[in-house]
Amino acid sequence: MSQAFDVIVVGYGLSGAISAIEAHDAGAKVLLIEKEPFPGGISICAGGGARIADDAGKAFEYLKASNAGTTPDAVLQRLAHELVALPGYVKKLCEPLGATATTNNTKGNYALPGYETWGYVRVLDVPGFDPKAAYPHVRAEGEVEGLNMFKVAQEHVKKRDIKVRLNSPVRRLHWEDGEVRGIVCDETFEARRAVILATGGFESSEDLQQQFWPTPPVRAVATFGNTGDGIRMAQQVGAGLWHMWHYHGVYGFHHPDPEFRLGIRIRRMRNWVPGSTSQHDNPMSWIVVDQRGERFMNEYDPYMQDTNHRPMALYDPITQNYPRIPSVLIVDAKGRALYPLCEPIYSDPATAARFNKCSLREFDEQVLVTRPDLDGIADEFGLDRARLSAT
């Protein structure tokens, strides 16, 4: 006989943890199940700043302007309403643990109506929490406080004694009489009320990338676990999909060591809003050229963390390829002296065991190739000497 729960949550990242906490507090018997041998998902590698708003009306106006008519108003209105309540919710989670949460008003990323209402809530400190000891498989460089946010959620899961199963991939949803009745992994679990799929995206699934994204395979930067499991399971029982073409990201490096199979995020440069804020306090040190050796993009556009990969998606119908994938980043000695370029982020025991001892400067040394002149760079990467020199 299968075990029965009121609510089953599939995926133990931040959204799965919060879903389990809320279901438990509403009186449900909850199972939280995760395919990896450790919790955290991609959330544990995230920036950790949850977007908030101080005015639901302005937040809705901004969301509507930035969604290009692709999302129903009711969804955006609910999101805007909950974002106003989010600071209080995060602080409520922090208080019993003695953790510190803070808010700020950074405004929105885009100069659209309502952008002035936006900010972040972050967890700055969790007493007694040593990220390296608690999560030795995780490396998070740059402005990354997802470790703190996830730790708070994980402690609340433990305090409630919610049933957790790790190392348990879910194969499919249990479908009966036109309804989802549970899940099937190594055994069947019954869900009397609901199954929540908190299984993340599909950036580590090459076949789903090929189906939904217009460019060649893109490298994930954090985890190998996001392979679209929940998407496939939902499709099997008739779910529709939306917004599958879009991903949020920035260009970065491929490591020459085949054992480092993730992408390496490039140094985090702050977004800036034209006419409002400036990028001048973050000096750029590099340019990017295509496979012919020609510069083709603004390497530091206003919304670098969101959209900077998009100029690389140019498709050449004559050659039937993408002449900007891969591209070559060029930096001189003065630029290299400003700051490290590599910011590796990962949640993977094998990667951590091999690369955790490498400093950021050592990552730069492994990734970058040094040559004495432009012709040497052109020859190294098969670029046209004259075009590169002109660029």
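Which residue in strand 5 is the bridge partner of Thr103?

## The sheet

That partner is Val121. Keep in mind that this is a predicted model. Strands 4 and 5 pair up in the antiparallel sense, with five bridges between them.

Zooming out, the open sheet has three strands, ordered 3-5-4, and the pairing is antiparallel. Strand 3 and strand 4 sit at the edges with a single partner strand each, so one side of each has no neighbour in the sheet. On average, neighbouring strands here are turned by 35° against each other, ignoring direction. Helix 3 packs on this sheet and touches strand 3, strand 4 and strand 5, and its direction makes about 125° with that of strand 3.

## Helix 3

Helix 3 runs for 22 residues and spans 32 Å from first C-alpha to last, close to the 32 Å expected at 1.5 Å a residue. There's a kink in helix 3, though: about 45° at Ala85, shortly before the proline Pro87.

Quite a list of its residues is buried, including Leu76, Ala80, Leu83 and Pro87. The cover over the buried residues of helix 3 includes helix 1 (14–25), helix 2 (56–66) and helix 5 (146–159), along with strand 3 (50–53), strand 4 (100–104) and strand 5 (118–125).

## A look at Leu93

Leu93 belongs to helix 3 (residues 73–94). Its relative accessibility is 8%, which is why Leu93 counts as buried. Leaving out residues up to four places away in sequence, Leu93 touches Ile18, Val152 and His156.

Glu155 is 62 residues from Leu93 along the chain, yet their C-alpha atoms are separated by 9.5 Å.

Conventions. Residues numbered from 1 in each chain as written. Predicted model: local features only at pLDDT ≥ 70, side-chain atom pairs only at ≥ 80, totals over all residues. Heavy atoms only, no water. Helix = DSSP H or I, 4+ residues; strand = E, 2+ residues; numbered from the N terminus. Buried < 20%, exposed > 50% of the residue type's maximum accessible area, 1.4 Å probe, protein only. Contact = heavy atoms within 4.5 Å. Expected span 1.5 Å × (residues − 1). Bend = angle between axes of the 7 residues up to and from the residue. Pairing = 2+ DSSP bridges. Axes fitted to C-alpha atoms, helices over the stretch in contact; angles between N-to-C directions.
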